[in-house]
Amino acid sequence: MKNRPLLALLAALVAGASLSATSASADRSGSESSPATSAAAAASRPDTPELTDLALGKSYTLETPYAPDALFSQTEAAHPDDTGGQLTDGVYGGTSFSNSAFVGRIWQGSRIVTIDLGEIGTVEKIDVNVLQDNASGIFFPSSVAFYVSEDGKKWERLADGVSKLPTTLAGPAAQKIGIEGVHKTARYVKLDIPVQSWMFMDEIEVLGTPDQSGKKPHPTPDNSQNNKGYPKAGSPQAGGISNEALLYTGEWQYEPADWISYTKEDLKPYVSYVDPQMNRKDYLFDGFLFLQYGPLLNGANYGTTGLPTDKADWEKTLDRLFRTDYDLGALDQAVGEAKQELKKGSYDAKVVISIPYPRTDQSDFGDVDGDGISENMNVREVGEEQALLNREKVVKWYVDEAYKRWEAAGYHNIKLAAFYWYNELMSRQTTVNEDKLVQWTSSYVHGRGAKLQWIPYYFSRGWSDWQADGFDTALMQPNYLFQNTAADRVDTVAQAAYDNGMGVEHEMSDGVLTDPALRAKYYAYLDKGVEHGYMNAFKAFYQQVKTLLTAAKSSDPEARQVYDKTYQYIKGVYQP
């Protein structure tokens with residue numbers, strides 16, 4: 001039931017991969033100038049030694065930072081490095097991703113290319129030629145990290161190369177991302193290239209001279225441990241939350257029409273751990289993230305698909321959320337009853353409210369600031385800066401309205417701890433100001449006393465920039481439950497999350513209650529939480545609307561065990 005952009009995007013990208021596979025024998029003659037021409041142009045003064053491409057024809061390794069994913073390794077095989085030397089053969093692919101000069105790679109964090117120049121020379125300039133074709137899900141990396149080494153063991157990190165073309169450029173277009181003025185002696189050159197969706201590259205140049213006139217590289221201090229670690233359970237950054245349940249609320253075209261919402265009784269086994277007779281035994285979740293169920297009956301969607309939502313749609317989600325006997329009102333009642341009955345320990349229930357995505361194709365959102373003018377967020381119509389200002393107005397209005405309704409409701413047993421950014425990727429292909437909007441939102445909700453959360457899907461665009469964008473916590477979706485891949489997908493996400501100070505989202509569908517294979521997949525999240533240590537960190541649980549409620553009430557021991565094991569896991573006593 002969750003809005004999973006990864007699945008829809010993957011379908012489009014796989015279709016693109018299959019199209020390119022039919023033209024894998026395309027001409028690799030290229031249309032770019034030769035390395036010799038580029039090198040000659042680089043010699044700016046008569047007394048400057050002529051630069052040559054030290055990497056031309058040299059061997060290299062092309063690796064992922066983590067174990068290659070079973071599913072996506074197969075997907076990217078349609079765009080292989082089939083000679084093992086395409087990145088240093090001097091051949092360019094123009095601007096067509098179907099040209100076999102291009103090597104295509106998809107997600108999995110980044111790609112690390114390490115080139116052996118054969119002998120120590122002086123490196124002056126390094127660049128990688130990359131492609132952007134937004135319609136095909138192929139994006140320029142926003143930056144590339146460059147390293148040099150004399151022995152392949154001790155590395156100096158140089159300046160990062162940055163993209164000079166806008167993220168919104170439709171393309172297809174190619175550019176070189178690189179750095180110059182290096183003047184370092186090196187035998188080995190390494191590039192770390194982010195891959196967030198598809199990344200296509202066709203050539204890496206290392207321009208320099210075969211002598212050793214440059215400065216020796218100085219190993220860069222290893223600061224990799226600085227930002228490592230999962231977010232701490234109950235920390236201020238997490239809004240005091242340790243274990244968060246995702247609760248959807250929204251319209252439903254079938255009966256019962258109000259199925260995607262929660263009553264007090266529905267919430268009982270989330271607030272409390274209950275026995276098979278539904279008697280309370282302990283507290284369970286302490287965080288409750290209320291999200292919009294994406295599609296509306298009018299064809300709009302709170303996310304990035306369908307028609308863009310407007311002010312009336314955003315008011316509709318607040319109207320649902322703040323009902324007396326459903327959702328927030330029901331949670332307040334359920335927590336009050338649990339406290340009265342259990343009378344044990346300290347328990348605080350924290351609420352997180354999702355902010356719908358303010359779309360950049362919405363021309364008529366509605367007037368939110370009382371000036372009689374409907375907010376136009378359409379970048380193509382009003383330009384980047386005005387669209388950003390109008391999106392900020394819309395977000396401010398929504399946050400203020402949420403606080404206004406919260407204060408009017410007078411809840412006694414729940415606390416508004418955080419807001420949640422609904423879109424699961426940074427949509428940089430639709431606006432150059434996506435990051436600025438999130439940074440502004442972070443600042444604004446902080447000023448209101450709340451935190452800002454995010455749960456991006458598997459290595460989605462912007463995942464590693466979560467701190468720079470102002471999110472207080474970010475949890476990555478492994479998407480393992482929903483895709484035909486190996487269990488080491490969770491290992492990879494666990495390690496990537498740890499390396500970047502993130503947490504891990506746990507995912508279950510109703511199928512885990514009836515399908516042994518899906519149930520084993522869900523338990524893999526728990527097993528690996530013990531193995532990697534994220535069991536004891538701040539974490540969240542995605543469910544297919546009411547999976548845990550169904551499990552708690554089930555007479556099937558296997559289904560009920562899903563609920564019991566989740567409780568054990570949340571309490572930190574689960575054993576694989």
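## Helix pairs, a pocket and some backbone details

The axes of helix 11 (residues 516–532) and helix 13 (residues 557–570) cross at roughly 15 degrees and come within 11 Å. Helix 11 is therefore roughly parallel to helix 13, a label for angles under 35 degrees, while over 145 is roughly antiparallel, 65 to 115 roughly perpendicular and the rest oblique. Their crossing is left-handed.

A word on what you are looking at: this is a predicted model, in which local features need pLDDT of at least 70, side-chain atom pairs count only at pLDDT 80 or more, and totals for chains, interfaces and linings use all residues. Residues are numbered from 1 along each chain as its sequence is written, and side-chain values use heavy atoms, with hydrogens and water left out.

Here are the helix pairs side by side.

| Helix pair | Axes come within | Crossing angle |
|---|---|---|
| Helix 11 and helix 13 | 11 Å | roughly 15 degrees |
| Helix 8 (residues 384–409) and helix 9 (residues 434–447) | 10 Å | roughly 30 degrees |
| Helix 4 (residues 264–271) and helix 6 (residues 327–342) | 8 Å | roughly 55 degrees |

Axes are lines fitted to C-alpha atoms, for helices over the stretch in contact, and angles run from 0 to 180 degrees between N-to-C directions. Helices (H or I, at least four residues) and strands (E, at least two) are DSSP runs, numbered from the N terminus. Helix 8 and helix 9 are therefore roughly parallel to each other, and their crossing is right-handed. Helix 4 and helix 6 are oblique to each other, and helix 4 passes helix 6 in a right-handed crossing. A crossing is left-handed if the near helix is turned anticlockwise from the far one by less than a right angle, and right-handed if clockwise.

Now to the largest pocket, which holds about 1,400 Å³ of space. Of its 42 lining residues, the closest to the centre are Ala145, Tyr147, Arg157, Asp192 and Asn500. A pocket here is an open set of points on a 1 Å grid where a 1.4 Å probe fits, with protein on both sides within 12 Å along at least five of seven lines, and lining residues have an atom within 4 Å of a point. The volume is the space filled by probe spheres set on the points. Domain 1 (52–209) and domain 2 (236–571) both contribute to the lining, so the largest pocket lies between them; the domain bounds come from an automatic or database domain assignment.

Finally, some backbone details. Most peptide bonds are trans. The bond from Gly171 to Pro172, however, is cis, with omega near 5 degrees, and Pro172 sits in the loop between strand 7 (161–162) and strand 8. Glu255 and Pro256 are also joined by a cis peptide bond, with omega about -5 degrees.
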